[in-house]
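Please read them with the coordinates open.

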Amino acid sequence: MKKKYSSVVLTLLAVLLILSGCAGESTSNSSSEGGSKTQINFMHWRGEDKAVLDEIIAEFEKENPDIAVEMTIYPSDQYMATAQRMLQEGSTGDVFASFPGSQFESLQSAGVFEDLSGEAFVSNFDENLISVGQQDGKQLALPYQLVFNMPIYNKAMFEELGLEVPKSWSEFQALCDTLLENGITPIAFPGADIGPNQFMNSMMMNNAPDEEIFAKLQSGEEQLTNEWWVKTLEDFQLLEQKGYIQENALGTNQDAAMQMVASEEAAMLATGSYHMASLIGLNPDLELDLLAPITVEESEAQYEGINTATFMLAVNSNSEKKEQAKKFIEFLSQPENASKYANETGQHLTVKDVNYETEELKNTAYWIDERKTRFQPRFLITNAQVEDAVLSSIEDVLGGADPMDAAKAAQKIVDENRE
Amino acid sequence: MKISKSIYLFFIPGFILYSIFFIYPTLSALFYSFTNWDGFSPSFQFVGLDNYSRAFTGDSIFIKSIGNNLQFMLVVVILQTMVALAFALIVLKNTKTTIFLRALYFFPTILSSVSVAFIWSFIYDPSLGILNQLLELAGLGFLAQNWLGNADMAIYSLAITQVWFHAGQMLIIFVAGLQAIPQDLYEVAKIEGASKWQTFRKVTWPLLAPSATIVVAYTTIQSFKAFDLVFAMTRGGPNNSTEIIATYIYEVAFRGFQFGYASAISVIFMVIIAIITFLQFKALRSDRISY
């Protein structure tokens, strides 16, 4: 009998040891102070920027020998889901990046943003480009990257065919017709992944110039069955019916669409400036610029393109190392470090006095100051189900549905999700 | 023989683990399904049955996702069971060739679902994909499709990928079941002059019922849980045509930050799987025969 009891006790002990072993591992992971150095954690989604960030961090640690920075990187599609929990716990993400729009709203209501309003380094950023990180007059996050979510076009091809950047919807159609006559697909549209959520912005920017349009949609003041959205869907239908976008566009992913532009099979890529470096990588002879279709007459056009100030840097209000975290953001916002980041990642930044060195960045830098762009409207949809409904209506139309029917189906979902 | 009461103590470790990893999360989901918790705020309100009523009366995407899931499940269960059984009958005998073939058919099962999703997304690509190119080469270009981009076709394309991915696993279960059938029953059937079809219908299939029950039940559950494949290949699109319950739960919880509502859908999801599995077990158990 004694033997039996001792075996039961041993089994229970083994289970307890396993469980306590798990607990020990979790504690050691969350430990952040190592010797005389304070370790801060930088959480973001830009895995492709790891190499240059490693270099910048090495420089930072050289200047600040008492601070060590470790990075935690999640893929962008998992970032929204994972970041929230990590940030609340406080041990990960002393410095973190946030998307604008619904994630910023959610994190803001969870109270994880430290107010950066009084910090000197805020003045290192272009004040016109950082309003998206503000709430109730407080600067909660500082957008770092500046992306233009509008088609990239093959500039050399346009010049060769004597084409000019169109200033109206009729000019845009004439341009597409010329490209088709020359055996070139006007627009490579990655409908299987990011195409609808990127291209919708430039397609609607002048059809609905009111920047509050999606706020009004969510509050019930506006409807997707109203002219601004039905017209946008009709414009998408026209692109599909006239062959301005490639056949089977909803089955094409971004890699395949990029390949079409890199091989000069297509003239425009309906994604954004963040793909320019990759396109140059695929075909170094390409000369690229940006253009957004103007879907109205020239006199009615209010915007020339779309911008998104994103990768919003913030300090976690739950962190115990806020001062060190702020030092790191200050370091990232210094023009020489920002220039290094910009040139090695092929991104425009919201930081002032950045020295762009690569051809594609230099050639398109005029979009920052000289062109009237509008903040990406999609990011102003704060309800994910409403956003899905809006995007689904585009897919519906490209799949052959009537624009008004697609708008009605999407509006039904918007109504179901009204808060 | 009298069993000592102390033997029940051996259940405790398993029960503790089961409680932590199954009972507690299930009860948590049930609890939160009656709240409007957003997943991270410290406070929330009880909303009674509002989330359940919303799911059935005010959420057309959820209803659509149930329909998509049932469609996906039916295609996968029928096709996967048939394919696995057919291949199991082919590779039943233990020869070098059949052992090699079994390993070959089982191979997709050991791949990660994300790899499978990438491979099949490439195969299905309408312009660069190998499937349309092969159809063109075979003179069957008229069958070429926008496999994942066509809202009417996408769910079937995903179902075929799921069958390719898991049929090998089911084949092994069928092979084990077939090899357990006593050979003398086949000899008797032969002596009695039974045709091959009669032998299959009267001997093989009834005695294979326990294996078939496992295969059908497991395939059904797999079809409902095909989150990774669907998420990586279509993310529920185009136009929600491949949105299944599991991907919709993710959307609602992790993009919409409506954990309370997502929990309610999860509870409904659990009940749907339980009912379908129960009905299948009941239907297939009635086919069981022992000689």
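1. Which residues line the second largest cavity? The model is a predicted one, and the answer lies wholly in residues written with the chain letter A: Leu146(A), Val147(A), Ser273(A), Tyr274(A), Met276(A), Ala277(A), Gly346(A), Gln347(A), His348(A), Glu360(A), Leu361(A) and Thr364(A). The space in this cavity comes to about 60 Å³.

2. Three elements of chain A, namely β7 (142-147), α11 (276-282) and α14 (359-364), each give at least two residues to the lining of the second largest cavity. The largest share is that of α14(A), with three residues. By residue class, the lining of the second largest cavity holds six nonpolar, five polar and one charged.

3. The search of the whole structure returned three cavities of 30 Å³ or more. For the largest cavity the volume is about 70 Å³.

4. Residues of both chain A and chain B line the largest cavity. From chain A come Gln385(A), Asp388(A), Ala389(A) and Ile413(A); from chain B come Ile61(B), Asn240(B), Glu243(B), Tyr248(B) and Glu251(B). Two elements supply two or more residues to this lining: α16 (384-398) of chain A and α11 (245-255) of chain B. Of these, α16(A) provides the largest share, three residues. The lining of the largest cavity divides into four nonpolar, two polar and three charged residues. When checking this cavity, please keep the two helices labelled α11 apart: α11 of chain B spans 245-255, whereas α11 of chain A spans 276-282 and belongs to the lining of the second largest cavity.

5. Chain A contains an open sheet of four strands, in the order β9-β10-β8-β11, and the pairing is mixed. The strands at its edges are β9 (185-188) and β11 (288-290) of chain A, each of which pairs on one side only. From one strand to the next, the twist averages 30°.

6. Strands β8 (residues 152-154) and β10 (residues 266-269) of chain A are antiparallel, with two bridges between them. Here Tyr153(A) is placed opposite Met268(A) of β10(A).

7. What packs on this sheet? Helix α10 (residues 254-262) of chain A does, touching β9 and β10 of chain A. The direction of this helix makes about 135° with that of β10(A).

8. Chain B has 12 helices and zero strands. The C-alpha trace of chain B spans about 75 × 75 × 30 Å along its principal axes.

9. How much of chain B is buried? Of its 291 residues, 47% are buried. Among the contacts in chain B with a separation of 6 or more, 67% are between residues 24 or more positions apart.

Definitions and conventions: Residues numbered from 1 in each chain as written. Chains lettered and ligands numbered in written order. Predicted model: local features only at pLDDT ≥ 70, side-chain atom pairs only at ≥ 80, totals over all residues. Heavy atoms only, no water. Pairing = 2+ DSSP bridges. Axes fitted to C-alpha atoms, helices over the stretch in contact; angles between N-to-C directions. Contact = heavy atoms within 4.5 Å. 1 Å grid on protein atoms, 1.4 Å probe; cavity = no way out; pocket = protein on both sides within 12 Å on 5 of 7 lines; lining within 4 Å. Points joined across faces, edges and corners; volume = space filled by probe spheres on them. Nonpolar A, V, L, I, M, F, W, Y, C, P; charged D, E, K, R; others polar. Buried < 20%, exposed > 50% of the residue type's maximum accessible area, 1.4 Å probe, protein only.
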